[in-house]
Amino acid sequence: MSPPLPPPVATSLPSWYRICTFPIYSSSESDSLLLSLPLIFSKCLFSSTMRIPKKPVSFCLSIFSPDFPAPFSSRTLRFSSGYPAKFEAIHAAGPNQSYSHYSMDQSAGIMVGDKASQSHLVVNRNVGEKLHVWSSPEGGFKIDIGKQIFCNRSLNMRNIVAVGFDMDYTLAQYKPETFESLAYEGTIRKLVYNLGYPKELLEWTFDWKYMVRGLVLDKKRGNILKMDRHKYVKVAYHGFRELSKEDKVGTYGNTLLRDSFDEPDYALIDTLFSLAEAYLFAQLVDFRDNNPGKVPEGTDYAHMYKDVRAAVDLCHRDGTLKQMVAKEPRRYINEDTSIVPMLQMLRDSGRSTFLVTNSLWDYTNIVMNFLCASRTMDGGITGNFDWLQYFDVVITGSAKPGFFHEDNRANIFEVDPESGMLLNTDNGTPMPQVGNASPKLLPNKLNKSCRVFQGGSVGHLHKLLSIESSSQVLYVGDHIYGDILRSKKVLGWRTMLVVPELEKEVELLWELRDMRKQLRLLRNERDLVEDQIHHLTWSLKFESLCDDERQKMTSALGELESQRDQVRLAHQRAQRECHQKFHKIWGQLMKTGYQNSRFAHQVERFACLYTSQVSNLSLYSPDKYYRPSEDFMPHEFHILPL
């Protein structure tokens with residue numbers, strides 16, 4: 001006999017709601033575990049029972065009802081036994097349909113969704129839980145929000161015939177604490193020994209966490225700016241000194257013509273490669289301000305930035321950085337064991353894969369061999385060309401973004417992988433070599449299904465892959481201008497942007513959801529009090545009032561003004577605290593105040609998809625239809641149920 005059912009979970013609800021309880025118990029009374037799950041909606045759809053063992057379990061719940069209110073997603077679900085439930089939701093077709101997955105675990109807690117999260121419900125899961133490739137038997141479940149792929153524009157992967165990748169900071173994620181420090185130190189040495197800067201610069205240190213992407217450098221004034229999507233400057237520093245609100249507004253807010261904040265007067269920090277040079281520029285600004293005699297006369301902020309860029313270019317030109325990475329790639333590049341399964345899954349699904357990188361063949365081979373090659377027993381790398389089997393075409397030295405222009409007339413050369421020699425081609429077609437200079441290839445040792453090239457243009461790539469329409473190509477990169485904007489705007493390729501910072505940001509957003517709700521409440525309270533002050537001020541100014549009424553209104557006005565000041569200070573403190581949770585200086589990557597940041601605006605405009613790392617593709621079906629969440633305008637936000 002089944003054990004008696006416990007009472008439903010006590011819940012304070014409006015009278016028009018009904019509670020449906022799902023009793024769940026074991027077939028064995030000795031280890032039975034009775035669970036009660038209250039579901040809250042206006043019509044009780046069903047009542048059911050399941051028998052389960054007294055162990056961590058999972059079950060699925062599919063709900064569809066035209067009367068099922070969206071606010072259900074904001075409820076906390078908890079079993080009556082006291083065991084909390086993990087919750088995952090997949091929003092299927094139809095506005096009110098949800099497919100939900102629950103798993104019972106003594107160690108996990110859950111708070112599901114709110115209006116701020118809109119279409120994404122987040123799981124509080126044990127840190128370090130292994131994620132499985134979608135095509136594996138264990139795949140297809142449990143994608144943490146930090147690993148999710150987010151969609152700006154609908155993309156049906158069934159229409160994609162070729163998937164391409166950038167290498168640096170896309171397939172190869174560099175470690176900022178080592179790689180960016182290496183770039184910084186190399187740039188300092190070039191400034192001192194090649195460009196004549198004081199040797200005391202060699203004693204400077206680099207804080208790799210200080211700068212973030214999406215900043216703008218004002219070359220003329222020596223300022224570093226963060227702005228919103230409307231190009232209003234919200235955070236501004238001169239070197240490392242924060243500008244006051246008055247200085248900020250006086251410099252960037254009181255002009256007859258809006259500044260474009262583009263080259264040549266401004267530099268855009270839109271790639272992780274640029275963080276070290278931005279930090280060095282800020283140091284040089286402070287150095288010039290504090291030591292005017294140590295900087296050559298006539299060297300202004302713009303000239304110093306030009307010197308920094310020249311020093312960075314010298315580091316890349318003489319191979320200083322790449323030689324160090326090549327000697328010890330594990331020190332500078334994160335290992336990602338999901339890259340090979342991801343590439344294999346894409347190829348097994350019938351799609352072509354290609355690599356387009358500005359790096360030359362020698363460096364590309366070292367990095368890709370590190371990422372894809374098998375490891376020896378002692379953790380070493382088996383140096384070979386096996387990684388080429390995961391690609392149809394590899395183009396090195398591509399000179400992006402110029403590569404994406406169809407009118408680009410750059411020659412394309414085929415690369416002999418073993419010798420690195422370049423062979424002339426006729427638009428990618430092999431040409432007979434004159435005389436006996438033709439290198440002897442060793443076809444038995446190389447995977448000849450992949451061809452390696454240097455240079456060329458997107459026209460060559462389309463021909464090599466037999467691409468009939470540019471919309472059949474998905475390209476994955478990290479550079480909003482060098483990879484995403486040109487390939488999207490000029491060609492019409494579908495695009496995915498890799499934003500490594502996103503993983504930490506979305507997890508922090510989830511943790512701070514209550515603080516963000518409080519900020520909205522404080523902002524609404526400020527608006528309400530200010531509206532009351534305006535009304536009383538107007539009445540005192542224009543209405544005929546007796547002395548007693550005027551005195552009462554004046555007293556009420558004073559109280560409201562005091563309340564306004566208190567609420568304003570509380571709101572400002574809470575806003576700064578939330579800002580500093582993400583980054584002590586620059587705040588949230590994708591936000592500036594209450595507006596999307598300039599960087600977020602670029603992501604939204606030019607990236608069809610965006611995610612924290614390229615291997616997140618391995619967690620989804622290669623035939624997935626990515627659909628964006630619904631857009632909301634301000635007049636809809638408080639009307640439509642979210």
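Predicted model: local features only at pLDDT ≥ 70, side-chain atom pairs only at ≥ 80, totals over all residues.
Visitor: How many helices and strands does the chain have?

Guide: The chain has 15 helices and 26 strands; these are DSSP runs numbered from the N terminus (helices H or I, at least four residues; strands E, at least two). Of the 642 residues, 46% are buried, where buried means under 20% relative accessible area with a 1.4 Å probe, protein chains only.

Visitor: How is a pair of packed helices described?

Guide: Two packed helices are described by the angle between their axes and the distance between the axes. Axes are lines fitted to C-alpha atoms, for helices over the stretch in contact, and angles run from 0 to 180 degrees between N-to-C directions. Here, helix 12 (residues 513-542) and helix 13 (residues 547-582) have axes that come within 8 Å and cross at roughly 155°. Helix 12 is therefore roughly antiparallel to helix 13, as angles over 145 degrees count as such. Their contact comprises 15 nonpolar, seven polar and 11 charged residues; Ala, Val, Leu, Ile, Met, Phe, Trp, Tyr, Cys and Pro count as nonpolar, Asp, Glu, Lys and Arg as charged, and the others, Gly among them, as polar.

Visitor: At what angle do helix 1 and helix 3 pack?

Guide: Helix 1 and helix 3 (residues 275-290) pack at an angle of about 45°, their axes being 9 Å apart. The two are therefore oblique to each other, the class left after under 35 (roughly parallel), over 145 (roughly antiparallel) and 65 to 115 degrees (roughly perpendicular). In helix 1, Glu180, Tyr184, Thr187, Ile188 and Leu191 meet Ala276, Tyr279, Leu280, Gln283 and Leu284 of helix 3, contact meaning heavy atoms within 4.5 Å. Seven of these residues are nonpolar, two polar and one charged.

Visitor: Is helix 1 mostly covered or mostly exposed?

Guide: Helix 1 (residues 176-193) is mostly covered, with 13 of its 18 residues buried.

Visitor: Where is Thr495 found?

Guide: Thr495 is found in strand 22 (residues 494-498) and is buried, with a relative accessible area of 0%. Its C-alpha atom is separated by 6.4 Å from that of Leu609, 114 residues apart along the chain.

Terms used
Residues numbered from 1 in each chain as written. Heavy atoms only, no water. Buried < 20%, exposed > 50% of the residue type's maximum accessible area, 1.4 Å probe, protein only.
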